[in-house]
Amino acid sequence: MTANKKDPVLVVLQMSGAFDALNTFIPYSDPHYIDYRPHLRVEPEHVLAVDDKVGFHPAMGPMKDLYDDGKVAVIQGIGYPNPIRSHFRSMDIWHTAEPAKMATEGWLGKTVADLDPHKENVLTAVSFGRGLPRALAVPGVSVASVGSLETYGVLTSIDAPDQRSEALDIFARMYSPMVGSGPINDYLSQTGLDALKGADILSTAPEQYSSSIEYNGDYFSQWVKNVAQVHLAGFGTRVLYTGYNPGAFDTHANQPAAFHRLWSDVSNAVSDFYYDLKEHNTGEEVVIMLFTEFGRRVKENGSGTDHGSGSVAFVVGDAVKGGLYGEYPSLEPDKLDEGDLQWNNDFRSTYATILDKWMQVDSHEILGGNYEHIDFIK
Amino acid sequence: MADHDISLIAHLMRRAGFGAQYHELEALTEQGYEATVAALLDPESQPSGLDLDLAERYFIEWSHFTRGVPEYWAWRMINSKRQLEEKMVLFWHGVLCTADSKTQSYPTSYDELEMFRKFGMGSFRDLLLEISRDPAMVFYLDNCLSHKGAINENYGRELLELFSMGVGMDGEFNYTEDDVKECSRAFTGWTLANNVPGQPYGRYSAKFLYNPADHDEGTKTFLGETGNFNGEDIIDIICKQPAAARFLSRHLYRYFIADEAQVPAWMDTPPNDPDTIKMLEDEYYRSGYDIRSMLRVLFHSDAFKNSRFALVKSPVETVIGTLRLIGDWTTPKPGFEFIFDEMKYMGQELFNPPSVEGWHTGREWIDGGTLVHRINFTADFVGDVNYPGIRGMVDRLASDGPTIEPAQLVDGCLQLLGCYELADETREMLANQAGKDGVIHTDTGDFSERVSKTLQMIVATKEYLYA
C-alpha cells in the first residue's frame with residue numbers, strides 16, 4: 001500500500017427516499033411553516049436551534065453538537081434545474097451530475113479514474129451496501145462493492161475455512177490470464193483478480209481495527225463503521241460510499257416516528273464516525289457529504305409528506321468551515337415551486353467545491369462545466 | 001446428426017430462452033433442432049404453461065394494475081413455456097426503451113410489454129407504429145409535449161437514432177438534423193388521452209390519442225421524399241432504408257449470436273461478421289420486414305450454431321437461468337421479490353434501463369461489484385442440493401455406478417449444467433480438487449456435497465460467465 005496519510009478522503013452518505021428537508025433543518029419561526037404543517041411540525045421548543053430562524057430536528061442532537069463545534073456546513077436550498085419528482089431519475093441526476101439528459105457515468109467513478117489513472121490500487125473506491133451506486137459506475141473503473149465487510153468475498157457460500165482457501169486458490173488460478181485469450185477474457189481475468197485481491201486486503205481491515213466507539217447495530221451504522229475500518233486500515237482508499245437502506249426516507253405516511261428514528265440513527269452514526277477518526281488522529285483526512293435526492297412537499301398530507309424539490313445537504317469534517325451556506329428557500333406561497341421549496345443552489349457547486357478544494361482534482365472535466373465554489377472548505 | 005446434438009439444443013435454449021434443465025434438453029433433443037426452433041418461433045401455437053390465475057391470487061399485490069413490476073415479468077420468464085416470446089420482450093425492452101423511473105405507471109408499462117408480446121416477432125413496420133403510439137413511450141420521450149408549430153424533437157430523434165436506423169452506417173450519416181425536425185413534425189398530434197398520476201395513485205393506464213387538430217398538416221421532406229407526411233408515412237420511409245435493415249440485423253446479432261460493439265459505435269465500426277449481417281438484411285427485405293423470418297434464418301445460420309459461449313450473460317439471463325436450472329419458483333411462495341434486487345445489484349434493473357440507449361452489454365456487464373455478486377448468487381443456489389434441479393443432478397451422477405472418477409464428475413456436472421466447456425487447465429484444476437479427498441463414492445452421505453462443491457467452482461469460472 002502506498003497510503004499517503006495526507007491524501008484527502010471523501011465519504012459520501014446517501015439518504016435515499018428523499019428526506020423531508022423542512023423537518024430536518026427547520027425554519028421553525030416562519031409562520032408559514034406552522035401553517036403548512038399542522039400535524040407534522042416540530043414545536044419551536046423542541047427544535048435544536050442554531051439561530052433565531054432555523055435549527056436541527058430534535059433527533060439530530062449529535063449533528064447539532066458537531067455543528068456547534070464548527071464541523072458542519074449546512075448547504076441550504078440545494079437542488080438541480082427542472083426538478084423531477086421521481087426517486088430514480090432524481091438519484092440518477094445526483095449520481096451522474098447531469099440533469100439535462102440521461103447519462104450513465106457516475107461523477108465519483110470519474111473522480112476515481114482521475115485519482116488513480118493507472119489503476120494501481122483496486123481499493124481507490126469502496127462502496128458499502130448492496131449493488132454499486134451509479135455515482136461510482138464508469139466502465140473500466142474498478143470499485144469494491146461490499147455488502148458487509150465481515151463477510152465480503154468471493155464464493156462466500158463455501159464456509160469451511162480450509163475448503164474456502166482452496167477454492168479461492170483455484171479461483172485465482174482460474175482467473176489468471178491465459179496467453180492469447182483476447183481482450184475481453186483478459187478484462188474478465190483482471191476484474192476477477194482485482195475483486196479477489198480487494199476482498200483479500202479488505203478482509204484484514206476489521207482485525208486491524210480497535211476503537212472505543214461503539215456504533216449502533218442498524219445496517220447504516222455498521223456500514224459507517226466499515227467505512228471507518230477501511231479508512232483506518234490505510235489501504236489508500238480515497239472515496240468511500242454508503243447510505244441508509246434504500247427508500248427509508250420516503251415518508252408518505254406516519255412520518256413523525258419513522259423520521260425520528262432515521263435521523264437518530266444517522267446523526268449518531270455520523271458523530272460516532274467523526275469521533276472514531278478523531279480518536280485515531282485522522283479526523284483531518286476525511287470530509288463527509290450527506291445528501292438526498294430531493295426535498296418533500298411543503299404542505300403535509302396529514303400523516304406524511306409527498307415528493308418535493310429543494311432540499312438541504314450537510315458537509316462534515318475537521319477540514320470543513322462550519323456554518324450556514326446558501327439561502328433557506330422562501331416559504332411564501334407565491335415563492336414555492338408547485339408547492340415545493342424552490343431550490344436556489346445548484347448541487348454541482350457543492351460537488352465542484354469538494355472536488356477542487358478538497359479532493360484536489362479538476363471538477364471541470366468531471367462535471368462537464370464550471371460551477372461556482374461555496375466557501376465551506378478550510 | 002447435428003439435428004439431435006444436445007449441446008446445440010442447450011445453446012439454443014440459452015439464447016432463444018433462459019436455459020433449461022437437462023431432462024428438458026434431452027426431450028427437445030429427441031424432437032430435434034428443427035422442430036425446437038419451429039416451436040420457439042411459433043409461441044401462439046404453444047401453451048404458455050403459466051398458471052397466472054394462481055400466481056395472481058397468491059401474490060395479491062399483482063393485481064390488474066401492478067403487473068408492470070419486475071417480479072411479475074420475472075415470473076413469466078421463469079415459467080413460460082413460450083421462452084422465445086419472453087426473450088423477445090426483453091430484447092425490445094432493451095431497444096425501444098422506456099423507464100419506469102420517468103413514466104411511473106405500472107399499468108402503462110405492463111401494456112407496453114403486452115404489446116411487445118403481440119408484435120415483437122411480427123413486422124418491424126407494425127412494431128414501430130405500435131411503439132410510436134405506445135403510451136409509455138409517448139410520455140417517456142415527450143411526444144405528448146410536441147405540438148404543431150412547437151415541436152419537441154425527443155421522440156423524432158430517438159426513433160431514428162436508437163429505434164430504427166442509428167446515427168450512421170459504413171461511416172456515413174443515416175439522416176440529417178432536418179430529417180429529425182421533419183420526422184418530429186410528422187408525429188405532432190400523437191399524444192395521450194389522459195394524464196396518469198404517478199404511483200402510488202395511478203391505477204389505470206394511459207391511453208394513446210391522435211389529435212388531428214394538433215397535427216402539422218404541412219409539407220415535409222424526409223430522407224429525400226416530400227409530402228404531407230404523418231407518422232405512418234415516416235415509418236414506411238424508414239423501413240425501406242438499408243440502414244433499418246442493418247440496424248435490426250445488428251441488434252439481433254448482438255442479442256442472439258455474439259457480443260459486438262455498443263450501438264453508438266455502429267456508424268464507424270463495421271459488423272464483426274458482415275456475411276451473417278448481410279444474410280439477415282436480405283431476409284428483412286425478402287420477408288417484408290418480418291422479424292420472425294429473420295429469427296428463423298438466424299437460428300439456422302452457421303454463425304449462430306458456432307457461436308457457443310460468445311456472449312457474456314446478462315444479469316437477467318443469469319438470475320432467471322439459475323432459477324430455471326435449480327427448479328425453484330415453479331409455484332408461488334413467499335419471498336419472490338428478492339430476485340428483482342438481485343438483477344439490479346448485478347447491473348440490470350428491469351423497467352429501468354439506464355438510458356434510452358438501453359443496457360450496454362458484453363464485458364460492460366462485469367465490474368468488481370457485479371462479478372462478485374453474480375458468482376456468489378449463482379454459487380449459493382447451485383450449492384444447495386435441496387433444490388430439485390440440483391438434487392436431480394446429484395441423483396443422475398450417482399446413477400452411473402458406486403464410484404465416479406474426478407474428471408468424470410467434473411464433466412458430468414458441466415454436462416448437466418447445460419453442456420458447458422472449460423479450458424483444459426481449468427477442468428484439470430477442478431478435477432484435482434474434486435478428487436483430493438480420495439475415491440468418490442456415489443452412495444455415501446458426502447457425495448451430494450462433493451457434487452455441489454464442484455458445481456460451485458464451475459459457476460465461478462470465467463467460462464460460466466458466458467452463454
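Mentor: First, a term: helices (H or I, at least four residues) and strands (E, at least two) are DSSP runs, numbered from the N terminus. Just after helix α4(A), Ala97(A) takes a positive phi of about 60°.

Trainee: What kind of model is this?

Mentor: It is a predicted model, in which local features need pLDDT of at least 70, side-chain atom pairs count only at pLDDT 80 or more, and totals for chains, interfaces and linings use all residues. Residues are numbered from 1 along each chain as its sequence is written, while chains are lettered from A and ligands numbered from 1 in the order in which they are written.

Trainee: What does the model score, and what pLDDT does chain B average?

Mentor: The ipTM is 0.87 and the pTM is 0.84. Chain B has an average pLDDT of 93, with 97% of its residues scoring at least 70. pLDDT is the predictor's confidence in each residue, from 0 to 100.

Trainee: Back to α4(A). Which of its residues are buried?

Mentor: They are His87(A), Ser90(A), Met91(A), Asp92(A), Ile93(A), Trp94(A), His95(A) and Thr96(A). A residue is buried if 20 or more other C-beta atoms lie within 10 Å of its own, exposed if 12 or fewer, and partly exposed in between, with C-beta atoms placed from the backbone. Since 8 of the 10 residues of α4(A) are buried, the helix is largely enclosed by the rest of the structure.

Trainee: What covers the buried residues of α4(A)?

Mentor: The cover includes α5 (107–115), β9 and α11 (347–359) of chain A.

Trainee: β9, then. How many bridges join it to β1(A)?

Mentor: There are 6 bridges between β1(A) and β9 (residues 286–291) of chain A, and the two strands run parallel. Val9(A), for one, has Val286(A) as its bridge partner in β9(A). Two strands pair if DSSP finds at least two bridges between them.

Trainee: Where does β8(A) come in?

Mentor: β8 (residues 239–243) of chain A pairs with β1(A) over 5 bridges, also in the parallel sense. There, Val11(A) is bridged to Leu240(A).

Trainee: Why is β1(A) largely enclosed?

Mentor: Because 6 of the 6 residues of β1(A) (residues 9–14) are buried. On one side sit Val9(A), Val11(A) and Leu13(A), on the other Leu10(A), Val12(A) and Gln14(A), and both faces are covered.

Trainee: Which residues touch the most other members of the largest nonpolar core?

Mentor: Leu10(A) of β1(A) is one of them, and the others include Ile75(A), Ile288(A), Cys413(B) and Ile458(B), in a core of 266 residues. A nonpolar core is a set of buried Ala, Val, Leu, Ile, Met, Phe, Trp, Tyr and Cys residues joined through C-beta atoms within 7 Å. In soluble globular proteins, nonpolar side chains tend to be buried together.

Trainee: What does Ile75(A) touch?

Mentor: Leaving out residues up to four places away in sequence, its contacts include Val312(A), Phe314(A), Val315(A), Tyr325(A) and Ile374(A). Two residues are in contact if their C-beta atoms, placed from the backbone, lie within 7 Å.

Trainee: New topic. How is chain A divided into domains?

Mentor: Into domain 1 (9–152 + 206–367) and domain 2 (159–202). Domain bounds come from an automatic or database domain assignment. The C-alpha centres of these two domains of chain A are 35 Å apart. In their contact, 9 residues of domain 1 of chain A meet 7 residues of domain 2 of chain A. The domain 1 side has 8 nonpolar residues, 1 polar and no charged. Ala, Val, Leu, Ile, Met, Phe, Trp, Tyr, Cys and Pro count as nonpolar, Asp, Glu, Lys and Arg as charged, and the others, Gly among them, as polar.

Trainee: Where is Val154(A), and is it buried or exposed?

Mentor: Val154(A) lies in the loop between β7 and α6 of chain A. It counts as buried because it has 23 C-beta neighbours inside 10 Å. Beyond four places in sequence, it touches residues of both chains, among them Leu168(A), Phe171(A), Val372(B) and Ile375(B).

Trainee: How many residues does the contact take from chain A and chain B?

Mentor: Chain A gives 36 and chain B gives 34. On the chain A side, α4 (87–96), β7 (144–146), α6 (161–174) and α7 (183–202) each supply at least two. The largest share, 10 residues, is from α7(A). By class, that side has 19 nonpolar, 12 polar and 5 charged residues.

Trainee: And what domains does chain B have?

Mentor: Domain 1 (1–40), domain 2 (48–305), domain 3 (315–382) and domain 4 (388–465). The C-alpha centres of domains 1 and 2 of chain B lie 29 Å apart.
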